[in-house]
Amino acid sequence: MKISKIYSPNFDKKKRSNNSIKLVIIHYTGMQSERESLFKLCDVKSKVSSHFVIGQNGKIYRLVQDNQIAWHAGKSCWGKYKNLNKNSIGIELVNKGHQFNYTNFKKKQLKSLIQICKLLIKKYKIKKKNLIGHSDVAPLRKADPGEKFPWKHLAAKGIGNWHQCKPSLLRQNRNIKILNKTDKTKFIRNLSKIGYCFSSKKKSFYIKILRAFQRHYRKELINGVLDKECMIIAQNLSKKL
Ligand SMILES: [Zn+2]
C-alpha cells in the first residue's frame with residue numbers, strides 16, 4: 001500500500017501512546033476538490049486536519065502521524081469517550097458532501113479505505129463498535145460521511161458493526177411509528193449501548209441522534225422519527241454488545 005506524506009501542522013504538541021487509540025472516525029471532506037481539501041487540512045489557519053486523506057482515485061495521503069493528536073472530530077462523544085481527537089484516528093474521504101454535490105464514494109477510494117482500516121484495527125485492536133462516522137459522534141453538528149457511505153459493505157469485510165436483520169422484515173416495519181414511552185426508552189437505552197451519547201434530554205437533541213442513527217443504519221428513510229424498523233435494528237445491534 002502506497003502512502004504519500006504531506007505535512008499538516010494541525011495537531012497537539014503533546015504526543016500520545018498507542019494504547020490511547022480506541023476509535024477510527026470516518027469523514028468526508030465536503031469541499032470542491034482533493035486539492036482544496038488537502039490545502040485546508042494543512043493550512044495552519046484552518047486548525048483542522050486528519051491522519052489520512054483518501055482521494056477518489058484511491059490515493060492515500062498521510063498528514064499527521066498516528067501518535068500525534070490530529071484535529072478532526074471537534075466536540076464529540078462516543079460511549080465512555082469524550083472529545084475524541086485524543087482517542088481516535090481520523091480518515092477523510094474526498095467527496096463534495098451534502099453542501100455541494102454529494103456523490104457515491106468511488107470503488108478505488110473504498111478499496112484503499114478498507115486496506116487502511118484493516119491495518120489500524122489490527123495495530124490498535126479497534127473494536128467493531130468503535131469504527132464510526134463523524135455524524136455518529138457529533139450528531140448535532142455533522143452529517144458526514146453521510147448516507148451514501150457503504151457501512152454494510154465495510155462490515156462484510158470485518159470493518160465496523162452491522163445488524164443481522166432480514167431485509168424483508170425491516171421493510172415491513174418501515175415507517176410504522178412508535179409512540180409509546182416504554183418503547184422509546186428502550187430504544188434510547190439500545191442506542192446508548194451502541195455508543196450514541198444522550199448528553200441532553202431535549203427533544204431536538206434526540207431527533208438529531210435518531211437522524212444520525214438512520215443515516216448510518218437505515219439510509220432509506222432519514223426523518224428523525226422513531227419507527228418499528230429502527231427499533232428492530234437497534235435491538236439487534238445492541239444484542240451483540
Ligand atoms: Zn467530519
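Let me start with K47, which is exposed at 57% relative accessibility. Exposed here means over 50% relative accessible area, buried means under 20%, and partly exposed is in between, with a 1.4 Å probe and protein chains only. A word on the source: this is a predicted model, where local features need pLDDT of at least 70, side-chain atom pairs count only at pLDDT 80 or more, and totals for chains, interfaces and linings use all residues. Residues are numbered from 1 along each chain as its sequence is written, and side-chain values use heavy atoms, with hydrogens and water left out.

Back to K47. This residue sits in the loop between helix 1 (34–42) and strand 3 (52–54). Helices (H or I, at least four residues) and strands (E, at least two) are DSSP runs, numbered from the N terminus. K47 is not a glycine, yet its phi is positive, about 60 degrees. Most residues other than glycine have a negative phi, and most peptide bonds are trans.

K125 also has a positive phi, about 50 degrees, without being a glycine. Look for K125 in the loop between helix 2 (107–124) and strand 8 (131–133). K125 is exposed, at 70% relative accessible area.

Now the metal. Which protein atoms are donors of the zinc ion? They are H27 (ND1), H134 (ND1) and D144 (OD), lying 2.1 Å from the ion. Donors are N, O and S atoms within 2.8 Å of the metal (3.2 Å for Na, K and Ca); water is not among the atoms, so sites may look incomplete. Along the chain, the spacing is H-x106-H-x9-D. H27 is in strand 2 (residues 23–28) and H134 in helix 3 (residues 134–137), so this pair links parts of the chain 107 residues apart. Both histidines, H27 and H134, are buried.

Stay at D144. The peptide bond from D144 to P145 is cis, with omega near 5 degrees. P145 lies in the loop between helix 3 and helix 4 (151–156).

Last, the helix pair. The axes of helix 6 (residues 181–194) and helix 8 (residues 228–239) come within 9 Å and cross at roughly 40 degrees. Axes are lines fitted to C-alpha atoms, for helices over the stretch in contact, and angles run from 0 to 180 degrees between N-to-C directions. Among the residues that meet are F187 and L191 in helix 6, and M231 and L237 in helix 8. Contact means heavy atoms within 4.5 Å.
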